[in-house]
Amino acid sequence: MKVMACVASGPSLTEADCALLTSAGIETIVVNSSWKMMPCARHLYAGDFQWWQANHEIIPSEIT
C-alpha cells in the first residue's frame with residue numbers, strides 16, 4: 001500500500017505541517033498554489049482554468 005498526502009491551500013495550512021510531511025518522506029499531491037508551501041511536492045492538481053493561465057509558467061518542472 002502506498003501512502004500519499006493531499007495538501008490543499010487555505011488558512012489552516014501551516015509550514016509546520018508541510019515540514020512534517022517532508023521530513024516523513026510522504027509523497028504529496030498539492031492543490032493550486034499550495035505548491036509554494038510544499039516545493040518538494042511531486043504532483044499538482046488544479047481544476048481552475050484561470051488559475052492555470054496565471055500560474056503555469058512559474059510552476060517548477062519537477063511537479064507533474
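1. Accessible areas here come from the Shrake-Rupley method with a 1.4 Å probe. With that in mind, the protein chain exposes about 4500 Å², and carbon and sulfur atoms supply 59% of that area. Please remember as you read that this is a predicted model.

2. Let's start with the overall layout. The protein chain has 2 helices and 3 strands, and along the sequence they follow the pattern β-α-β-β-α. The radius of gyration is 12 Å, close to the 11 Å that the globule rule gives for 64 residues, so the chain is as compact as a globular protein of that length. Its C-alpha atoms fill a box of roughly 35 × 25 × 20 Å along the principal axes.

3. Now have a look at the sheet. The 3 strands form an open sheet in the order S1-S2-S3, with parallel pairing. S1 (4–7) and S3 (43–45) are the edge strands, each pairing on one side only. From one strand to the next, the twist averages 25°. Between S1 and S2 (residues 27–31) there are 4 bridges, and cysteine 6 stands opposite isoleucine 29 in S2.

4. Is serine 34 buried or exposed? Buried means under 20% relative accessible area, and serine 34 is at 1%, so it counts as buried. A polar atom of its side chain lies 2.6 Å from the backbone oxygen of valine 31. Leaving aside neighbours within four places in sequence, serine 34 is in contact with Val7, Ala8, Ser9 and Leu13.

5. Finally, back to the whole chain: of its 64 residues, 28% count as buried.

Key: Residues numbered from 1 in each chain as written. Predicted model: local features only at pLDDT ≥ 70, side-chain atom pairs only at ≥ 80, totals over all residues. Heavy atoms only, no water. Pairing = 2+ DSSP bridges. Axes fitted to C-alpha atoms, helices over the stretch in contact; angles between N-to-C directions. Buried < 20%, exposed > 50% of the residue type's maximum accessible area, 1.4 Å probe, protein only. Polar contact = N/O pair within 3.5 Å; in protein donor to acceptor, adjacent residues only side chain to side chain. Contact = heavy atoms within 4.5 Å. Rg over C-alpha atoms; globule rule 2.2 N^0.38 Å.
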